[in-house]
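Me: I would like to go through this structure with you. Could you help me read it step by step?

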Amino acid sequence: MADLNPRIEISFLETFICSAFAACFAELCTVPLDTAKVRLQLQRKIPTGDGDNLPKYRGSLGTLSTIAREEGISGLWKGVIAGLHRQCIYGGLRIGLYEPVKTFLVGSDFIGDIPLYQKILAALLTGAIAIIVANPTDLVKVRLQSEGKLPAGVPKRYAGAVDAYFTIVKMEGVSALWTGLGPNIARNAIVNAAELASYDQIKETIMKIPGFGDSVLTHLLAGLAAGFFAVCIGSPVDVVKSRMMGDSTYRNTIDCFIKTMKTEGIMAFYKGFLPNFTRLGTWNVVMFLTLEQVKKVFLREVLLD
């Protein structure tokens with residue numbers, strides 16, 4: 001006899017496809033903001049004769065304007081191909097694995113609301129697993145985005161994303177593709193937990209409020225909150241990750257952290273906070289809205305005997 005309460009199902013492969021598509025679409029919409037964030041994070045203080053500092057990039061809009069003026073509009077889209085490579089692999093895995101891992105942690109027979117700490121643990125694990133696979137794409141993306149800060153007259157290191165992969169392997173070895181893996185695992189595990197667990201929890205909470213349901217407004221509010229939590233929690237490790245990937249002078253994660261702290265102070269770890277939030281907030285809203293809509297194509301009811 002069939003169960004009167006059918007279960008809604010979607011396979012891992014279908015979830016992966018939906019997640020990869022949503023992540024790539026969000027990436028296309030927000031690459032200029034991410035480029036501005038990386039440039040601000042890589043920027044160091046420039047001492048002048050009178051003791052003042054004259055940063056090249058100032059604020060989100062100022063950075064976007066400077067890049068567009070000096071490098072053309074296309075400069076805002078540096079690393080877009082590598083960014084799509086990254087989101088297809090990383091976005092698909094971290095989101096696609098989240099539900100299966102969450103179910104594994106609580107057990108398939110679990111009934112009721114899953115505790116927040118289980119959601120956080122599931123997102124930490126999927127974020128770490130996904131970025132271990134996708135680290136080369138993240139490295140190439142940051143390298144290409146940082147190209148514009150090279151001094152005038154210095155030739156570009158890479159002709160594009162594919163050339164960057166081959167050049168890095170040829171000049172630095174295969175292991176170089178996993179440069180910055182330590183801080184990248186820390187950053188992406190933390191940010192993934194902040195994004196997915198907070199989105200999951202906030203969406204669940206909003207849906208219990210009278211008048212709200214599984215609607216576009218709910219997805220928008222939960223996505224925006226997820227982006228804010230992700231930036232607040234993940235900004236310090238994000239700065240260290242960007243610097244290690246964009247500059248090979250650091251020996252390791254601790255060396256990068258200490259040198260940054262010593263020369264620029266604690267606020268250096270929140271460089272690019274506004275463009276980072278603008279980017280992640282927008283990215284999460286676009287990604288989750290797209291994901292929720294695309295998943296409806298694959299969702300199906302399964303009647304249990």
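Me: To start, how many cavities of 30 Å³ or more does the structure hold?

Reply: This is a predicted model, and it holds one cavity of 30 Å³ or more.

Me: How much space lies in the largest cavity?

Reply: The largest cavity contains about 170 Å³ of space.

Me: And which residues lie nearest its centre?

Reply: R86, Q87, R187, N188 and R279 lie nearest the centre of the largest cavity, out of 19 residues that line it. By class, 10 of the lining residues are charged, six are nonpolar and three are polar.

Me: Which helices supply at least two residues each to that lining?

Reply: These are α1, α3 (80–96), α5 (116–145), α7 (181–206) and α10 (273–298).

Me: Let us turn to α1. What does it span between its end C-alpha atoms?

Reply: Helix α1, residues 12–42, spans only 37 Å, whereas a straight helix of 31 residues would span 45 Å.

Me: Where in α1 does a kink lie?

Reply: A kink of about 65° lies at T30, shortly before the proline P32.

Me: Is α1 mostly covered or mostly uncovered?

Reply: Helix α1 is mostly covered, with 23 of its 31 residues buried.

Me: Take A36 in that helix. Why does A36 count as buried?

Reply: A36 counts as buried because its relative accessibility is 0%, and the cut-off for buried is under 20%.

Me: What is A36 in contact with, leaving aside its neighbours within four places in sequence?

Reply: A36 is in contact with S60, T63, L64 and I67. A36 and I67 are 31 residues apart in sequence, yet their C-alpha atoms are 8.1 Å apart in space.

Conventions
Residues numbered from 1 in each chain as written. Predicted model: local features only at pLDDT ≥ 70, side-chain atom pairs only at ≥ 80, totals over all residues. Heavy atoms only, no water. Helix = DSSP H or I, 4+ residues; strand = E, 2+ residues; numbered from the N terminus. Expected span 1.5 Å × (residues − 1). Bend = angle between axes of the 7 residues up to and from the residue. Buried < 20%, exposed > 50% of the residue type's maximum accessible area, 1.4 Å probe, protein only. 1 Å grid on protein atoms, 1.4 Å probe; cavity = no way out; pocket = protein on both sides within 12 Å on 5 of 7 lines; lining within 4 Å. Points joined across faces, edges and corners; volume = space filled by probe spheres on them. Nonpolar A, V, L, I, M, F, W, Y, C, P; charged D, E, K, R; others polar. Contact = heavy atoms within 4.5 Å.
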